[in-house]
2 protein chains.
Amino acid sequence: MGSQMIKGIPKRKTREEILELSAPLFAQYGYDGVSMRDVAAVAGLTQAALYYYFSDKDQLYLDAVGCAFEEKMEPLKALFDGAGNPWDRLESFVFQFARLLAKEENFRRLIQWVLLDSDERRLQSLADQVFRDLFSALRHLAVEVAPGHDPQSFVISLIGLVIYPFETRSVRRFLPGYQRQHEDPEAIARHVVGLMRNGLGTNSEGKSQQTPGPGQTCGADVSAP
Amino acid sequence: MGSQMIKGIPKRKTREEILELSAPLFAQYGYDGVSMRDVAAVAGLTQAALYYYFSDKDQLYLDAVGCAFEEKMEPLKALFDGAGNPWDRLESFVFQFARLLAKEENFRRLIQWVLLDSDERRLQSLADQVFRDLFSALRHLAVEVAPGHDPQSFVISLIGLVIYPFETRSVRRFLPGYQRQHEDPEAIARHVVGLMRNGLGTNSEGKSQQTPGPGQTCGADVSAP
DNA sequence: GTCTATACGGAGATAGAC
DNA sequence: GTCTATCTCCGTATAGAC
């Protein structure tokens, strides 16, 4: 932080600030959907000025995503340090993660965009900078929690269960039976934890094959056809 | 099919054909990543000719996605007609769906793109044409299989569990512990069905809170740090 | 550091010949 | 039906003044 600002001018429209302002844009519209002019507009400077801080659009995007991820995932990392009951730590992670996804929709969308990226270099770069640590930590936790299961499948299932309700929100809004409650992070987390522990059979009546019978097939809250 | 082709010229580069050829493009690169010129190139005609069949790019995209969805989901719909054991039907769906996703990567990516679309009109249109039927059918099946549970959460979890291994494949390739086996639709389907039935406790030892102890925390196949 | 100006290609869409 | 040609606007990126 030596040669960054020459005079004492208070407007320090620094690199970091541009990243934080552009992240929501990329989250909403994706890499192709955001132009350098768009970024410049929200950052409050002209498009040409961006090239003072970033060599090209790719660099800006990569840094914005990496920065957002680091910032949002920071608090979650503490969960993996502490020892203690693995199940409890897993449960904490699920709840914290669900709350994070509910609160930071932009962050969640950024992940979605990354998963769809078809640029190999960007993908590799983001995998290294952004996903590797979290994924490894979760895998280790998985080994503790469920020693008999494949940790990879465990982790994918866990994350998928938490994320998917949010990922599908955009389209479920237009589908029958939509309720606000299905976006509640606490409810989602409880549901996921319950599913991971016991599956659908709430009380160990697993692998029963009998059908409930046609008389009670519509007992639950089916609010639309 | 009356006034479509005037002469007996065999080259019937009809509307449908353009849709089928453009779908893979949209699947790979998304709406913004595909130009009318790109579509024209794979369809074997010039960009201007596309406007004979489609009023604009939006229409082309919408029809391509709808068409692809109808085509790929057709075989799955039969599963919901037949009566019989709901669990068996659910299991069949999971296996068929997993096989479909494994075989038709383009189709899977199209779904992902739709979920990220930020155009309200497109979203609404696709929800109506594309997702509504399948979603309703699954919800009815959910009510039969697990009368005590919320069908909406049930369905989201089920689909998420099946789809997420495929959605994350692009980035998991670069992560430690990646194995081909994790993309096998049969393995994924078995895993999902098992999870839905019993959770992680394979034999009804649910909600046990004891830790496995530090001695065996690394017993599984951790192939990388 | 940030600006204005501009280069240059590619985007969607249309006009009109054949 | 499909073409060529073209319009207009927007994309990334650079040059050079201040």
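1. Basis. In this predicted model, local features need pLDDT of at least 70 and side-chain atom pairs count only at pLDDT 80 or more, while totals for chains, interfaces and linings use all residues. Residues are numbered from 1 along each chain as its sequence is written, chains are lettered from A and ligands numbered from 1 in the order in which they are written, and side-chain values use heavy atoms, without hydrogens and water.

2. Fold. Chain A contains ten helices and zero strands; helices (H or I, at least four residues) and strands (E, at least two) are DSSP runs, numbered from the N terminus. Of the 225 residues in chain A, 51% are buried (under 20% relative accessible area, 1.4 Å probe, protein chains only).

3. Residue A:T168. This residue occupies the loop between α8 (151–167) and α9 (169–172) of chain A. A:T168 counts as buried because its relative accessibility is 7%. Beyond neighbours within four places in sequence, A:T168 is in contact (heavy atoms within 4.5 Å) with B:L115 and B:I156.

4. Aromatic pairs. The whole structure holds 17 aromatic pairs over all chains (ring centres of Phe, Tyr and Trp, its six-membered ring, within 6.5 Å; planes under 30 degrees apart are stacked, over 60 edge-to-face, the rest tilted). A:F80 and A:F93 form a tilted pair, with centres 5.7 Å apart and planes at 45°. Because A:F80 lies in helix α4 (residues 57–81) and A:F93 in helix α5 (residues 86–103) of chain A, the pair ties together parts 13 residues apart in sequence. Both A:F80 and A:F93 are buried.

Terms used. Buried means under 20% relative accessible area, exposed over 50%, partly exposed in between (1.4 Å probe, protein chains only).
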